[in-house]
Amino acid sequence: MSSEGIAAKPVPQSITLTIDGKPVTVPLGTTIFDAARMNGIPVPTLCHQQNENPVGVCRVCVVDVGARVYAASCIRQAEAGMVVKTNTEPLEGVRRTLLELLMADHPSPCARQQHSGDCELEKLAAAAHIEHPPFPRRTTPRGHDDSSLAIAVDHEACILCDRCIRGCDYIRNNWVLARRGKGYQAGIAFDLNEPMGDSTCVSCGECMVSCPTGALTNRGVVGTKLEGDLVDPEFLLDLPVFKNVSGNFLELNRNAVVERHFRAGDIICREGDFGATAFYILDGTVDIFISSPMAHVKTEDSSTGLLNKLRSFLAPRDRHQRNGDPSRNSIPIDAPIDLPYDKRVAQLHAGELFGEMTCMSYYPRSATVRAATDVRVLEMLRNVLDIMQRNKSFREQLDRTYKQRALESHLKSVPVLASLTPEFIEHLKSRVELIRYLPGQMICAQGEPADSFYLVRLGFVKVSESRPGGDLVLAYLARGSYFGEIAFLGNTTRTATCTALDHVEVVRIPGDDFRRMLDEFPEVRHKLEEVAADRVAANQQRLTQIESVPVDQFLNQGLMEAQSLLVLDLDRCTRCDQCVRACADAHDGVSRLIREGLRFDKYLVATSCRSCRDPLCMVGCPVGSIRRRNSLEIIIEDWCIGCGQCANNCPYGNINMHPFPVEMADPEHPGRMIASTRLKATGCDLCTDHAEPSCVYACPHDAAHRVNPPQFFASMLKQPTPAKGGV
Amino acid sequence: MVAAVAYIPYRHSSPQGASGGSVMGLIYGSFGFAFMIFAGLLGARKKVPVWRLGRAQTWMRGHLWLGTIAFPLILLHAGFHFGFGLSRVLMWCFVVVFVSGIFGAGLQHFMPRLTTERIPMETIYEQIGRVRSQLVDEAAFLVEQARAMLTGNLSDASAEQRAVAAGAGTMGGVTVATGLNVDEQASSDLQEFFDRKMRPFLQQAGARRLELADRATSQAMFRQLRLLLPMNLHTTVDDLENICEEKRELDQQTTYHRILHGWLLVHIPFSYAVLLLGAIHAVVALRY
C-alpha cells in the first residue's frame, strides 16, 4: 500500500459493535466492559473498578465475542463490527463455577457482609443462588493481621483481585502493598511482608475502599475522638457535597465526621493551633480573622550617639516600609477567600469549607474562626475530606463558589495582575478551572509546550529544572504565586518542571486567555516580563555558580544554596560566645544565632539565617507570610501568626520565634482587651541599622565574618583536585 | 621606645636615682596607669557588645598593646624597684597580670587551632553534659536492638536488622528471626560489656581512669566484641565505638576549654586588684 493510500484512509474515531443484540457506538479504544456499561448493559465483575487500570484476573466479567475462548471484557477492547454476548447460559455457567471456587475460600459471611451487607462477592454469589459451594474449603488458614489501628486485614476473605494493590500503588502512589507467596500461600503483603501496623502504610484507606470483600475493613477511627454528635451516613448522603460518595465508606468512617454546634461568639478554631480536621458549614455564618498583631519585627537604635542600644519591636507596614515590600493587600488563609490587609476579617457562609490545608497536610491553622451567628458545622478527618474532595458535585460547588467569591480577590492579590479590569475578570470566570494535584504529582513538565498559566490557590509547588546529574530546585511557590508565564512570553516550551509538594490546588488560565490578557493589558505584560527576566537571570546565575563550583562538600553542606553566611574562623575563635551575646543583646535577649553548625575547612558555618536560594522555610507557611525580597533576603510579613512552621522547616534551625508582649482583643469576649504574648518568626536581619552585624562587630578576635560563600571560599574552591590513582 | 630613651638622661640626672615621685616618674606612672585602665575597660566593653564604641577587635588590640606597654612604663615609673608595702604588693600583682596576660594571649593564639584540629565533633561547651546523656541513651538503644536480634525477637530490632533477617516469621504473636542464629550468650556478653564498661565511661565526665578513655585500649576492646558478635551486628559495634570516640572528644574539649579560659581565673581578679591598688597607691602617693 502506498503512503498516499494510508494517508487517504481516515482513522475512525468511533466504532460500532453489537452487544446483546443492541448496536452501540463507542470511541475507539473503549473496552467491551465500558462499552456495555455506557449503554446500560451490566456486566458483573470483581477485580475491576472504574478508577483503576483493568487487569482481568477474576474473569467474572467474561463475555462471548464469538472467539474460541471467552474474553475478559474489562481488558478486551471493543472492535468495529464485533458481536458480543454478555448473558448466555454457558457464560452464566462459567461465572457460576468461578464464583463457587471463590466462595469455597471465602469465610461467608465475611466482616464486610456482616457489617454493611455489601460484600461484592457474596452479593454476586447470592444472585447466582450459590449457598454451599461444591468444592472443599482450604485446610490451611491464611490468617488475620490486626496490627494496624485503622484497618483490619482478613487474608481469609481476600480473593486476590489486586484492587487494593492498584489503589495503594497507582492511585495513592504509596507503594506499600504488593503480592506475596505462591499457590495456597498467595496473598497481599505490606512492604517486605511486615505486619500492616509496622509497615510504611499511611492508613489512607484507599485499599479498604477498593476491596470488594471483607479482606480489608475499617477498625473505626482509633485515637481520635472528635468532639460532637455522630452523623448518620444517610444524613450525609442527602447533602449535595456528599452526593455519590460511597455509603459504605461513610458507614465505615462514622467516627471520622461529627456535627458540631456553636453559639454566636464561640471560637471554632484558633490560628497557629495544630489540628487534623476541616470544617464544612451547614448553617450560619462565621467570622474568619487573624488576631496576631499585623506587624513585622524591626530592630533599630533606641537612641542616637555612642551609647545607643538596639531594640526589637513590632512595626506595622505604615510605620516601617521595607525596601522591596510588595503592594500586596491580601493575606492568603486556609479558606475559600483571602483576608484584606487593612481589614483582617471576612465571613464564610453555609456551604463553605475551611481548614483544608490543616486537614490534608497538617499545617497549623491559618486563622481564627468565630461563630458570627449560631452555627452548625461538620468537622471531618482527612479520609472523609479526601473522599469529599474527590466527589464531583462537591468539586462543582467549590469551583462555583471560588469563581463567585474569590477569583477576583485572588487575581487582584497578585501584584502584577492588579490592573486587570472587572470585565476581563468576569470573562475569566467562565474560563478558568480549579485543578487539584496530589503530593508529588506533576503539574507541567520541562520541555512540553505551554498551554496554560497557573495561579497557586492552595499548597506549595516545587519548580525544578532537569540537569545532567539530577534535578535542581529553582523555587517553591506558595499560595498567591503564579507560574507558567515564561514559556508564553518567550514563545518557548516549558523551561522547568512544576510539581505539587503537598495537596495543591491551582487556578488554570487557558493559554488563549492568557495571550489575550497579555495583548489587552500591556502593563501586565510589562510587569510579567520584568518578573520573568528576574527569574531567568536568577536561575541562570545559580546554574552558573553550581557549574563553576565542583566541590562536593561545599554542595553537600548546602553552602551553595546560601547567599550570606555567618562563618567563624575556628583557628581564631576562642569560643568566648561574644557573638551570641551580642546577637541576643541586639534582639531583646533572643539570639538569632547559635555557635554550632557544619564545618567547612577551618570555618564553622554558624546557625544563622543563610538567606538560602532554596528556602525550605517558605514551604508550609499557612498564611504565606514568609517570602524573600529580590535581594533573596528572607523576610517575614506582618501577618505572621507565630505558628512556628517556618522554624520547624528550616533545615539549619535558623529561624527563631520571638515573643512580644501585646495588648489584643479578647477573641472570647469581643470588645475587651487583654494583655498577651504573641510569637513572631524572626531570622537574621543583619542588624541593618548598622554598618556591620552585631555578632561580627562584637567579635574581639576577628573570627566572625558575614560572607558571600562563593566569593569568600573562592580561593579554596579553585584549588585543583589532586589526581587520584596513577601508577 | 621614647619612654625608654627618655629614661637614660632622667636616670643620670637624678642624684638619688629614678623615683616615682619625680616629674618624670609621675609622667611614667600616669601613662602606665591610664593604659592599665584602658586595658581593664575591655571587660566593661564586652558587657555592652552592641554599643557602637568601636569594634571589639580594636578594643582587644588596644588591650594587648597598651597592657603590654603599661608594664615597662610602670617599671620605669618605679625605677625598676618593687618598693615596699603597698607598692610591692601592687608590683607583684602587676607581674602576675602581665605574665598571665602574655600566657593567655599565647594560648588564645594556639589553642583554637588545636581544638579545631583535634576535635572535629566539637559542640557548645555548656551543652557537653546534655550531649553526654544523649550518647548514653543512643548507645543503650543500639545495645537493646542488637540484643533483640541475638535473642531472636525481631519486634524490638531495627528496620535494617529486620530486613537483614530474611526468613523472619511469626510465632505466638512475636516476630522471630528464623534466618539468624540465636545466641543468648553473646547477648548477655554484650549487655555486660555495656553495663560494666561503656555506660560508666559515657556517664562520667572525664573518666580518664576507665579503660575506654584510652583510644588504643578501646579499639582492642571493640575488636574483641566484634569476635563475639555475628557479622550483621558489626555495624552496631562500629556505631558504639564511634559513640565512645565522640565521648573521648567531649572530654578532650572540656580539657582544652578549661585550658583556654582557665588562665582568666588568675588574670581577671589580679587585674581588678591592680586597678584598685593602683588607684589607692596614686591617691596615697600624691596626697602624702
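1. In what order do the three strands of the open sheet in chain A stand, and is the pairing parallel, antiparallel or mixed? The order is E2-E1-E5, and the pairing is mixed, where two strands count as paired if DSSP finds at least two bridges between them; helices (H or I, at least four residues) and strands (E, at least two) are DSSP runs, numbered from the N terminus.

2. This is a predicted model, in which local features need pLDDT of at least 70 and side-chain atom pairs count only at pLDDT 80 or more, while totals for chains, interfaces and linings use all residues. Residues are numbered from 1 along each chain as its sequence is written, and chains are lettered from A and ligands numbered from 1 in the order in which they are written.

3. Strand E1 (residues 14-19) of chain A runs parallel to E5(A), the two being joined by two bridges, and Ile19(A) stands opposite Val84(A) in E5(A).

4. Between chains A and B, 28 residues of chain A are in contact with 21 residues of chain B, contact meaning that the C-beta atoms, placed from the backbone, lie within 7 Å. Helix H18 (578-586), strand E33 (594-600) and helix H20 (694-697) of chain A each supply at least two residues of the side that touches chain B, and H18(A) gives the most, with five residues.

5. Gly511(A) lies in helix H15 (residues 511-520) of chain A and touches Ala450(A), Asp451(A), Ser452(A) and Phe488(A), not counting residues up to four places away in sequence. Gly511(A) and Phe488(A) are 23 residues apart in sequence and 8.0 Å apart in space, C-alpha to C-alpha.

How values were computed:
Two residues are in contact if their C-beta atoms, placed from the backbone, lie within 7 Å.
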